[in-house]
Structures are given as structure tokens and as C-alpha cells.
Amino acid sequence: MESIKDKVAIIGMGCSKFGERWDSDAQDLLVEACYEAFEDAGIESKDIQAAWFGTTGLATGQPLAHAIKTEYIPITRVENACATATDAMMNACHAVAAKVYDLVLVAGVEKLKDSGVGYLTGGGGQPSSQTGAPVPPPAQFALAANRYFHDYSLSYEEGKKILGMIDVKNHRNGALNPKAHFQREITLEQAINAPMMAFPLGLYDCCGVSDGSAAAIITRPELARNFRDDYILAKGFGLAVGGQQGMLRDYYDFTHFDETINAGRMAYEAAGIKNPRKEVSMAEVHDCFSITELIIYEDMQWSPRGRAKEDIESGFFTLEGGLPVNTDGGLKCFGHPIGASGIRMIYEMYLQLQGKAGPRQVKNPKFAVTHNLGGTPGSFTCAVSIWGCRD
Amino acid sequence: MAGIVSYGAWVPRFRLGKETAGWGMPIEKAVANYDEDSITMAVAAGMDCMTGFDRDAVDGLFFATTTSPYIEKQGAATVAAAVDLGKNIVTSDATNSLRASTLAMRSALDAIKAGSARQVMVTAADTRSGPPGSDLFQAAGDGAAALLFGDKGVIANVLGSHSISEEVIDLWRAEGDTQVRTWEDRFVYDTGYLKLLPEAVSGLMQKMKITPKDITKAAFYGPTARRHGEMARLLGLDPKTQVVNPLFDQMGNTGAAYALMLLIEALEEAKPGDKILLANYGDGADAFLLEVTSEITKLPPRRGLKGYLASKRILRNAGIAGTWKGARGGGLSGGPPSISARWRERDEIDRLHAGKCLSCGLIQFPQQRVCSRCHTKDQWETVRLSDKKGKIFTFSLDNVAGGIDIPLAITVINFDGGGRGIFMLTDREVEEVKCDAPIEMTFRKLRSSGGMHNYYWKPMPVRA
């Protein structure tokens, strides 16, 4: 087995405005993101040799072909819950590293606002016995929150405070981002006292639903120089798929996610990162819920197990801290169109590594991490990617 | 001689009572939760009845009710599956009359005497109601009883019985009626209840050559407290010493289950040698004479009527009970099940069967093909989780999941002895929902959709 490190480069990216895009369908959003990427890379759609297409709501690669009018090229449609887009990127990178294709498009899209529902419902339409407990996403992650508070002896007030601080941070970052769905700061009081969705998670602890699309153009590093100087390089990927271990093993504790731990380790090993807390410059993580982001801090080896509270309270993960997380507002404020989110995260890390993140800019970034998590505590799909500048 | 080998009962946790706003009566009545019905209550009584007994010897299960959730689909098959009885048994429903329970009892006894069954369980449950303001509306309560009949280890022999049939339409319901209809009160009582039940008892006493003073305790159906008191006098019994408390102020008249629940009350107070009169009414009347044996002192302890009656929660307002009765469809949104999927998963769903890996010992629910821990394939032993207690490992209280039980309490349960599952918590107060809180399992209805009732197990706070 070989590492993917430094074998794939991103030479262009695009990202639509995320939010309530009533006047845009999936095709419109794909055109917005892909054409921005084409322009950024200096190419046209006819130059694309193959594409990987991430979406949970649409079937086959045809919607992408239809949107950008490719002519009978190979398009693989990927679905892996919330890890969809990162999974699509990873597989596209494998094809490029294997030299099967020279110029590949990775695009993700989700049109969620036509459903008429304002929060993640979890979907699921397979015929079944219908005896499973209805556990929509807020309730799923509340299971982790309640056990975390219990195991680490956090009172309700203490727990709500640290969750609230994560919400405040992401809202502050989102307010600096013109493409974000929500661009409004909130106070800690507002976060703590918000209406309860699934105890103890309130309105601001939960990401909403958004429409959006994001795209990337990738090639090999030796070809990347022909397109631009400030391309970024893939340093590592991780993909860890759970199989219900947490529900079948009555000794799973609900306060950590093995899938994140495993995907993180895979990616760190490929990238040669030995001390994640010190070496990772910044990260985009899957803050579908505030508690999820908190547990990710520990699972990705940035905070010691059980001690994320200290780092949250010291501001370690804010823009000014030692490891800024979700500099673009995260899922919470940028939005979470499922099939696009992984690529949107890479988009922000791309801008950051190029020094183009404006008021959100992190100083001297070296390694950028993205993390996506789909599923429910007890069984997740987790995808991690790591990026860096060229030497 | 054939008789009762074991008994079980179920009284719903929630009661209308003095503190209930909008109730206005100084009595308590049992009210089934929104997710309970006659089938779920019969299962609860059946599980209680099986405490300390082997399921292998039970050759039949009868389900008696006037409020079956189905017009066509056997309730007894569902009850037998949920109680986790065997496959090679006779299941049968007895419906359409308040006497369904005692008629089922007759059939059970006849089967045992004929040698065609070793043990037969009779379950009876009802959720009857009458028009607001009526006698029945005030007196009716929800509940269930289960009696296991056999001829070995008998705690109360059935010495004899007498039945009469009478064609009189004094109370009735036709398809689509949710409330019982009756003819004029005076007629109903004079030609029905007050005439026929004493006739059956009189026929029994002649057969058995006994008189009222030979009866230690009498357990008999009564539509209201007043009529029940009147009947005691008509039967020549001393209401202070010879009649079990009819519980109109604690539970209410539980329809087809009522006479059997009063019988269980008598058994719970009985001593060896006691003679118990059981009488029931509906389109005629049944009367039985039982004699308690010394085996009763060896009966493994169970909750029974006493235990479930004492474990109660008074509803805050009467409107809640109204909403629950209206939501007999289970209260959850969602579609009908795929019948083939549900059938395939029936052991896991109806019987709450988990699997214990024979190689590493980890109990996993539902049972897998390949063990999650040691990856051994197809080496399993069945474990029943429905009669295990457990603890809430973690929980969520969901305000957006829908349904009528808001917030919806979802709990990850770790069972005593091993195994874990995720379920909706029922019969709960929000303040009680905490990590490590103790629970036990109860069979409930999830939803009704497409005319089908979808049942499953839920944890509930332990009924102390």
C-alpha cells in the first residue's frame, strides 16, 4: 500500500452561495459551483475527463452531465451519508494518482429546501417493519450529549455553556463569510436559552438544512504547475465505516465515535502527522450538532479525552486560537447540503492555504484537516481529508 | 382435578383521581395509556402470570375481550407470540360478551379434563367506555387478568360450575360503535344482571349442595358499585366479610376482565381450604366454585393485582385521558409496516429475542448472523429480553419527533445480564428520565396504519 501524499493537486474550486435557494434547482447550483471552479482553474467543461458526483438525493451521474453538459464522460455518483462529498473526493484522487485520468471534476450538490422541513429528519424510505424507534438527528446526538454530561460530571449549566460557546464561535465565523447561509452573530445567552430541540440540544446547537453545491478540479502535481502556482496538495485521506458496533456491543460508551478516531488515524498516518494538536493548523469539522464538534475535538486527538471543556473555554478553537475550527461558520452557519458539504469544507481550506480567506484568514497555515461524519452514534461513516501547500 | 395453577394481572399505571383537574369524583379509576389496548394489557397480565413458570407446558392461549383491536385477525396469536409461548399450541379468541372470559375459562378447564392440553392460559382485557355522564362512563376502568389452568400444582381447584344462556339485548355494540349502548336501566337490571346472575349461582349451589354461608369469598361482576352491592344482598352474602372489594374506587369495572381480576384479588388474600365463588354476567351468566389448596403458599411471588394496583400515577387533568382514548391508534405518525419484513423479524419484534454468541458470550440484539465482537458465524443461543430488567444507559427527549407523547423519550437500554437496545420510553414523567434509571419492558402499540396495528416492546420506569 502507498500513501496518497503529494500525488494529487487541486487547481481550482468553486462554491455556490449556500442557503434557501428557492429559485435554484440542483442543476442551477451545480452550474454555479462548477463554472466558478472552471474559471478558477482556467479550463472548460469539455476538458474534464471524468467526474465524481456526490449527492444523497439524486440518482446516477446524469444530473451532473445534464447540468454542465459533459458529453458521455465517466461519472461516478457517490453516496455515503454526510461523508458523501469527501468520499467522492477521495475516490477521484485515487483515479488521478493511478494516472487513469489527468483532469477530474469532483462536485457535490444537495437541494434540501424543497422538502418543506427546516431541520434534518434523517430520511429513510426502505420498506421495513416500522418498529424502529424514530430517532431524528437531534435526538441521535442528544444520546451522546446526555451520556457525556453524565460521564464527565458536567451539570446542565456547565454542559450548556461549553456547547453554547461552540455555537457562538461558529456564528461569529459565519458572519465573516459572504457565502454562508447564516451570517449573524449570537450571544452565549441566546445559545443556552434557545428553544429545546432534543434535550439538551437547543435551536442553536443544531444545524439546519440548506441548499448548495461545491466543486473542485484535480490533477497530478506535475501537471498542476501548468495551471497555477498556488495549487494545494492532498496529504492523506481516511474513511471509516461503522457496522452498528455501538448498538450491538453493550459496552460502547456514547462519548466517543470510533469511526472518527479511525478515519483520523488513517489520514494522519498517510500525511505523516504524529502530533495532531501541534501539527494541524486548522480544520473544518462536522458540526451537525454542537456536541458532535466537541467530541470531534477529542476523537481527532486535539483535546485530551474528556477535557475538551478546557480548550473550548480557553478559545483554543477560535480564529485567534491555536487550532481554529470551522473558520467559515461550519455546517451550522455555512449550511449543510449533505452531498456538497465535504467539498465546501475543502473549499475553505483551499482559500486558507492560498491566503485568500480575508477576515477569516489563519496565519501561516500548513496542514488543513476536513472531517465529515454521517450516521448516528453507534454506527457512522466518517471521512477525513488533509491538505497542504506545495513545498 | 383441573384448576388454577398461576395467575397474573395488569392495572395501567395512570389513574383518574381526586387530584385530577376536570374529573370531579372522589374515586380513582385505571386509565390505559395512549399506547395500550386490550392486546397489550393481556400480554402484560400473561407475562405476570408466567413469573416462575416454564412456557414449555402451556398448550393453549385464549384471549377474551369485548374490545378487540381487530374485527378479523386473531388477538390470541399476537398475545401468545408476545408472551413467548411455543408454536404447537391452540390459540383462540373469545369475544362479543362480558362473559367471554369465563366462557374461555370453561373451555380451558374442559380441555385439561379431556386430556387435550396440559396447561391453558386464559387472558382477558378490556378498554370499555360509555357515553359521558352515563353509569358506565363513571364506572368503567381498563385492566387485564391472566389465569393459567392445569391439573398439576393446582392452587385452586375448580370444583364445579353452572352456566345459563339468555337471549336478551340489554347492552350491545355494533360495528363502528365505540361506546356501549343500553336499553332502559330498569329493564337492563331487572331482566338482565339482577335476574340472571343469581340464577346461575343458584344452579351452582344446588349442584354443589352448598349454601351462601359455605362461601369464604365471592368475586362477581357488577356494572356499578350500587348494583354490585345489590347483588351481594340478592346472593345472600355478607358484603363485609364474604365479598371481595369490587374496587370501583380504585380501578373501575374492567369489562370482560373484571370478574377474573376480582377472583385474583380473592386468591391474593386466600388461605388453603377457602371456598371462592366466581360469577360473571353477559348474555347469560356463569358461576364457578373454587377451593384453594395448600399449593397456594408455594406460588412464586408476582406483581399481581395487588402490586399493579398499588403502583400508580394520578393524571394531572382529565383531558389527557380523553386524548389517550382518542389516540388508540398508538399516537405515532408513519406508515403501515412491510408485512414481509415484519414477519421476518417477528422473533425479535414480538418476543424480544436477542442472541448470545456461543463463542464469546456477548448478547446482541437483534440476533446477528456474525458476532459483532468475535466474528464467529451462526453460533447463537436465544435470549428473551422481554422479562429482563435494565437501566437507561443514555436518552434523548425529542421535541420534534412528532406523536402525542411529547417530548418523545428515546432510550438506549442496557439489560441486566447483557444486551442493549434503543427504544421509546413509555409511562414516563420527564423528570424521571436520567442515565442509569431502572426500567422494565412492556408490550405496547406503536401505531395503527392501513388498518394494521403495529406492536413492539418499550421500556418503562420500574413499577415498584
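Start with strand S18(B), residues 389-398 of chain B: eight of its ten residues are buried, so the rest of the structure largely encloses it. Buried here means 20 or more other C-beta atoms, placed from the backbone, within 10 Å of a residue's own. Strands (E, at least two residues) and helices (H or I, at least four) are DSSP runs, numbered from the N terminus. Keep in mind that this is a predicted model, where local features need pLDDT of at least 70, side-chain atom pairs count only at pLDDT 80 or more, and totals for chains, interfaces and linings use all residues. Residues are numbered from 1 along each chain as its sequence is written, with chains lettered from A and ligands numbered from 1 in the order in which they are written.

So what sits alongside S18(B)? Two strands pair if DSSP finds at least two bridges between them. With S19(B), residues 408-415, there are eight bridges, antiparallel, and B:Ser396 stands opposite B:Ile410 there. S21(B), residues 438-449, also runs antiparallel to S18(B), through three bridges; B:Lys389 faces B:Glu440 in this pairing. Chain A joins in too: S5(A), residues 196-199, is linked to S18(B) by two antiparallel bridges, and A:Phe199 stands opposite B:Leu397.

Now over to a helix pair in chain A. H3(A), residues 84-97, and H14(A), residues 338-353, pack at about 60 degrees with axes 5 Å apart; axes are lines fitted to C-alpha atoms over the stretch in contact, and angles run from 0 to 180 degrees between N-to-C directions. Among the residues that meet are A:Met89 in H3(A) and A:Ile346 in H14(A), contact being C-beta atoms, placed from the backbone, within 7 Å.

Key: Buried ≥ 20, exposed ≤ 12 C-beta atoms within 10 Å, placed from the backbone. Contact = placed C-beta atoms within 7 Å.
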